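User: I am new to this structure. Please show me how to read a few of its features.

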Amino acid sequence: MSRRHVAVAGPAHEAVQSAKSVVEIGGNAVDAAVAAICTACVTEVGIVSPMGGAYINIWAPGQEPLVLDGNVEMPGRGRPKEWFGAGVRDFWLDYYGGLRVYGGHGSVAVPGMFAALDEASKRWGRLPWRELLQPAADIARQGWPLGPACEYYLRASADSLFAWDPQTHEFMTQNGSQGSPKLGEMLRSPDLAKSLEAIARDGAQTLYTGELAHVIAADMDANEGLLSLADLAAYRTAARPAVRARLGAWDIGVNPPPSIGGPVLSAMLRLLAHRRETNGHSDIIDIIDIQHAVLNYRRAAIDAAEDLETAGRELLEAVQELGPDGLAAIISSPETIHVSTVDEDGLACSITTSAGYGSGLTTPGTGLMMNNAMGEPELNRRGLHALPPGTRLASNMTPSTARRDDGSMLAIGSPGADRITTALFQVLAGICLDDQSLQAAIEQARAHVAFDDEGSPRVEFEDLASISDGVARAGATLGLPTVGHEKVGMYFGGVGAAMMSADGAVQAAGDPRRTAATGAW
């Protein structure tokens with residue numbers, strides 16, 4: 001197999017090195033992205049795990065952009081009625097001002113990440129599945145140093161959310177640490193290495209109908225977890241055309257409904273394009289005003305909607321038909337990792353995966369830490385265990401791809417809960433409208449419109465000279481209170497981007513707000 005030139009933006013050095021290892025034996029952009037994500041699910045402890053959900057946005061040469069929905073689902077097939085609303089543990093985390101989450105067996109949703117990775121590999125990859133998982137298995141067995149983003153999160157969660165389960169606690173304290181593991185501490189998970197090798201050998205289906213599925217289901221059966229063997233066996237990925245938005249010379253494809261993040265980002269981009277066309281320019285006041293309008297609509301009309309797919313499409317229709325003023329009139333009557341890759345053939349792959357804040361649970365003997373998607377309040381606005389089994393959960397994940405009129409290709413995305421869309425909105429504005437370089441667009445200071453539990457908005461912003469005066473003016477003009485942060489921080493996302501230029505050259509850029517790594521070979 002001939003080697004392709006590939007660019008990768010990932011969450012850490014180990015993930016990018018895994019991508020490089022598969023590129024060196026003939027892998028393309030999709031192979032590189034799958035290898036990087038699998039490795040990140042080993043090394044980014046607490047932030048993500050192998051048993052979460054994922055969206056994969058792929059724009060292949062000569063095709064339209066397509067999104068594979070591997071997001072988590074509501075479990076509960078065959079479970080007793082009295083198990084619904086039970087089986088969760090309440091935790092308060094001292095994380096960015098404080099956060100209440102729910103862990104335990106009852107917080108675990110049906111995981112879909114590996115099902116989506118498997119389908120992407122079969123449809124667009126060049127290498128055998130086993131080659132893509134081996135680097136992650138090797139790292140799990142040999143060990144890796146704890147990175148700063150993980151260390152920061154675990155300081156707030158290791159002695160509570162990740163301490164109740166004996167298997168998880170043993171992993172966190174394997175070097176004799178009291179509480180959370182320390183920055184740079186070497187961690188190992190031989191059990192996880194064995195599980196990854198089983199998935200590599202037997203295929204992803206082992207997690208859904210095979211040996212690993214039975215181990216997971218047995219632990220859930222014994223602990224009143226809603227996730228059942230029937231839920232795992234019934235899981236299927238869904239392939240959907242990306243939602244498109246035009247921004248300058250760029251055609252951008254984002255995650256479609258029932259995702260929340262994709263429609264929200266698309267609405268923001270369309271409103272910004274309209275404002276730039278109407279006024280000939282845009283500034284921080286426009287950025288904040290558009291965020292406020294779209295996110296307020298989301299809060300009022302989407303987050304608690306019974307049918308997320310319909311609600312997302314209604315948002316896009318409102319923007320298309322009514323514009324920003326009409327959207328405002330309608331209004332008045334949440335952890336992840338991301339990998340972006342492109343190759344010289346113009347294949348772009350953008351993957352975002354999430355396990356929530358973590359359930360604290362490790363399935364005995366597997367090393368597989370489970371998600372807590374059922375225990376994320378911002379993704380369950382209708383209440384705990386309120387959805388019918390098999391329903392896809394809400395998601396902020398918005399992996400995106402784009403094609404410029406000259407043939408350039410872009411893969412881009414971010415972690416960051418509800419800051420994903422606002423981070424990508426500002427970075428894409430810099431790339432597509434202001435012709436900034438990838439790195440410059442990512443490094444520029446950001447603002448985010450947040451809402452408290454009563455629905456009152458405020459503007460959170462990075463208190464830097466390049467943005468502070470503009471945010472103050474925007475707050476005064478729009479009547480919004482402002483809250484400055486002293487420096488750039490992981491609260492505002494962690495955008496990673498990879499691009500192939502019209503001449504076939506590839507490049508990647510990472511975000512200084514989080515541990516990030518890039519490579520181009």
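User: Which residue stands opposite alanine 447?

Analyst: First, the basis: this is a predicted model, where local features need pLDDT of at least 70, side-chain atom pairs count only at pLDDT 80 or more, and totals for chains, interfaces and linings use all residues. Residues are numbered from 1 along each chain as its sequence is written, and side-chain values use heavy atoms, without hydrogens and water. Strands of a sheet pair through backbone hydrogen bonds, either parallel or antiparallel. Here, alanine 447 faces phenylalanine 461 in E16. E15 and E16 (residues 457-462) pair in the antiparallel sense over 5 bridges. Strands (E, at least two residues) and helices (H or I, at least four) are DSSP runs, numbered from the N terminus; two strands pair if DSSP finds at least two bridges between them.

User: In what order do the strands of this open sheet lie?

Analyst: The order is E15-E16-E17, with mixed pairing. E15 (447-451) and E17 (482-485) are the edge strands, each pairing on one side only.

User: How many residues of H3 are buried?

Analyst: Buried means under 20% relative accessible area (1.4 Å probe, protein chains only). In H3, 10 of the 12 residues are buried, so the helix is largely enclosed by the rest of the structure. Among them are Met113, Phe114 and Trp124. The buried residues pack against several elements, including helix H2 (29-43) and strand E12 (348-354), with contact meaning heavy atoms within 4.5 Å.

User: What should the span of H3 be?

Analyst: The expected span is 1.5 Å times one less than the number of residues. For the 12 residues of H3 (residues 113-124) that gives 16 Å, and the end C-alpha atoms are 16 Å apart, which agrees.

Definitions and conventions. Buried means under 20% relative accessible area, exposed over 50%, partly exposed in between (1.4 Å probe, protein chains only).
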